[in-house]
Amino acid sequence: MSNAVIKIVIFTIIIFALIYIIKNSEKLLTKKEKVNKKILKIILVLISIIVIIIIVKFTYKNINGIISNIDSYNFSINSQEMINLFDKKIENENKYYFSKISNSYDLEKSKNPYIFDGFKYIEGEWNTGFVIEDDNNNQYVWVPCSNIENEEIVKLEKYNFDNPSFISKDLCADDNYEKFIESALSNGGFYVSRFEIGNEENKPVSKKDVNLWSNITIAEAEEIVSKMYENSNINCELINGYAYDTALNWINRTNKINPILFDVKKEEIKTGRNSFNNIYDLTDNIFELTSEKSYDTIIIRGFVKDEEYKERNRYSILKEENNFTSNNLLAMRCVLYK
């Protein structure tokens, strides 16, 4: 029993004792004939009122404390339930991933990127940045991958790029990962938007030198991206953890990356800032939203470089947040697959 409850019980007993004394004062006062009965009654009543006021104030304060303790207890229970549920989500995702990654796939498919209906080839080779474009000039780059890693092809998987990891891949999970993993492995790769998504006359585009569609919440980003090819058989989604890590690992293998840090307070940031394997805007401090989550937070990706953390790539924000710090913008990139 908490101290607050014990104190309330003690004060309740005192109240009942005072009530008893007032009610039976006639009997008690008969033994003290020299005392003015009326005055004594008044004094007892006043004392009782004062004590009751004190008790009420004390009780109110302690009841709030009890309620706060109950709320804390419920929050703790709910938090533990959330943790258990998310741990199970991670476990289920890992089971699905390893069941698919253990199958056999045709590695030659990575070297022969498919092209969606209505798209055309622009430039690049399958292993240097194969670029396609839709009829509205939105461009996408093929990321070759498979279930095994060799000199030419990277493995489709999540990576920890820093050591120690600021947030480990092992504490993260994606939504709707099944279709993506199945498609990427069966077809030997997937497409990512060549640029971070820009805002062109209030329409999402993957084009160079367009204003970033930035500082958005996860819900806004998912809705914007989902409408880019909603009337086709193309799967278009916010980039997930597998796609981001595989693309960045592929770039790392063939390039020496030195992250570029922009002062977003002084510079106007547009798409098409820097390119590796024909993919732009991936290696700087303009953070990107992903569909990956870590418990009750959303994972964002990008680079920060300082003396304490060196280079970090996985961070988290709350679902409702739309920026990281005053020195970083929050943008988005999409993934396409069939």
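**Entry 1: Lys158 and its partners**

I started with Glu292 and Lys158, whose side chains form a salt bridge with 3.0 Å from N to O. This is a predicted model, and I read every distance with that in mind. I looked up where the two residues sit: Glu292 belongs to strand 12 (residues 287–294), while Lys158 is in the loop between strand 4 and strand 5, so their pairing ties together parts 134 residues apart in sequence.

Next I asked which residue Glu93 meets in a salt bridge. The partner is again Lys158, and the N to O distance is 3.0 Å. Glu93 comes from helix 3 (residues 37–101) and Lys158 from the loop between strand 4 (154–155) and strand 5 (173–174), so this pair links parts that are 65 residues apart in sequence.

**Entry 2: Buried or exposed?**

I then checked the cover on these side chains. Glu292 has a relative accessible area of 0%, so I noted it as buried. Lys158 comes out at 9% relative accessibility; the cut-off for buried is under 20%, and Lys158 therefore counts as buried too. Glu93 is likewise buried.

Glu292 has another salt bridge to record, with Arg301, where the closest N and O atoms are 4.0 Å apart. Both of these residues are buried. Tracing shared partners onward, I ended up with one network made of Glu93, Lys158, Asp174, Asp245, Glu292, Arg301 and Arg314. For context, I searched the whole structure and found 25 salt bridges.

**Entry 3: Helix 6**

Asp245, a member of that network, took me to helix 6, where it is one of the buried residues.

At the start of the helix, a side-chain oxygen of Asn240 comes to within 3.0 Å of the backbone nitrogen of Tyr242.

**Entry 4: The whole protein**

Last, I stepped back. The protein has six helices and 16 strands, and 45% of its 338 residues count as buried. Among contacts between residues at least 6 apart in sequence, 67% join residues at least 24 apart. The accessible surface is about 18,500 Å², with 54% of that belonging to carbon and sulfur atoms.

Note on methods: Residues are numbered from 1 along each chain as its sequence is written. This is a predicted model: local features need pLDDT of at least 70, side-chain atom pairs count only at pLDDT 80 or more; totals for chains, interfaces and linings use all residues. Side-chain values use heavy atoms; hydrogens and water are left out. Buried means under 20% relative accessible area, exposed over 50%, partly exposed in between (1.4 Å probe, protein chains only). Helices (H or I, at least four residues) and strands (E, at least two) are DSSP runs, numbered from the N terminus. A polar contact is a pair of N or O atoms within 3.5 Å; within protein, one must be able to donate a hydrogen and the other to accept it, and residues adjacent in sequence count only if both atoms are side-chain atoms. Contact means heavy atoms within 4.5 Å. Accessible areas come from the Shrake-Rupley method with a 1.4 Å probe; for residues, only the protein chains shown count as cover.
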